[in-house]
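Let's take a friendly walk through this model together, looking at one residue in a loop and then at the ligand.

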Amino acid sequence: MRLQKYMAHAGLASRRKSEEIILEGRVKVNGQVVASLGTKVEEGDRVEVDGKVLNLDEGFVYYILNKPQGVLSTVRDDRGRKTVLDLLDSPKRIYPVGRLDMDTSGLLLLTNDGALTNALIHPSKEVDKTYKVTVQGSLSREDLSPLEKGISYQGVYYHPGRLGRIQVKRGKTLFQLTIHEGKNHQVKNMCLALGYPIQALHRESFAGLDLKGLGPGDYRPLRPEEVEKLKEYQ
Ligand code: URA
């Protein structure tokens with residue numbers, strides 16, 4: 001692909017403007033300044049403009065959202081209820097990476113990168129998701145240990161999860177559970193299988209990302225290094 005076309009595809013500027021930028025000597029290909037037209041580039045070439053590496057994925061956007069309870073993680077709702085898209089201001093049409101139930105809060109990624117979305121939600125990728133679970137009653141690690149052994153509920157089998165911190169507070173038990181599947185109502189059903197209906201469910205982390213600095217309803221674009229890390233699942 002011609003260099004100016006590559007630059008335009010990366011969202012830098014129009015092709016005409018990109019030609020001017022090349023002629024101004026502001027572009028390097030694989031470390032060499034290219035100041036005349038006619039150079040071609042291909043996948044794997046490193047193109048820099050004013051010292052910044054261009055990425056052909058520049059048309060993609062990636063956000064991390066702390067979804068509050070009571071908001072749907074669908075793109076549209078025919079009953080007019082609030083969806084996660086009402087919380088974000090994005091120049092592109094984006095959609096959530098998987099789902100959280102309406103009454104579940106926490107980490108949800110949104111993007112327009114279909115290939116990455118498919119990879120992240122594919123069961124074979126076993127992406128870790130950690131939830132903070134609240135159930136009624138004072139439970140011990142032993143009470144919860146079947147969650148680490150694999151469990152069936154209403155004919156659906158759920159693979160073993162991993163228990164983290166367990167705290168008992170005022171008659172409730174709060175515990176962390178990490179799973180790597182994304183079946184419908186998975187954590188709720190795993191707990192129901194043990195006879196513990198969930199009182200609150202919050203996703204703390206997904207694929208190594210967490211919600212540090214984001215209150216309920218807050219979001220931010222992912223940093224390039226965070227996107228690169230996610231792409232390791234592709
Ligand atoms: N498990 C559930 O039961 N609900 C969610 O929203 C996410 C995981």
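A207 sits in the loop that joins β13 (198-206) to β14 (209-210); strands here are DSSP runs of E with at least two residues, and helices are runs of H or I with at least four, numbered from the N terminus. The model is predicted, so local features need pLDDT of at least 70 and side-chain atom pairs count only at pLDDT 80 or more, while totals for chains, interfaces and linings use all residues. Residues are numbered from 1 along each chain as its sequence is written, and side-chain values use heavy atoms, with hydrogens and water left out.

Is A207 buried or exposed? A207 is buried, because its relative accessible area is 12% and buried means under 20% (1.4 Å probe, protein chains only). Leaving out residues up to four places away in sequence, A207 touches V127, D128, L230 and Y233, where contact means heavy atoms within 4.5 Å. For D128, the C-alpha atom is 5.2 Å from that of A207, although the two residues are 79 apart along the chain.

Now turn to the ligand. Around the ligand are L100, D101, T104, Y131, H185, Q186, V187, K188 and L201, each with a heavy atom within 4 Å of it. Helix α5 (residues 186-193) contributes the most to this shell, with three residues.

Terms used:
Buried < 20%, exposed > 50% of the residue type's maximum accessible area, 1.4 Å probe, protein only.
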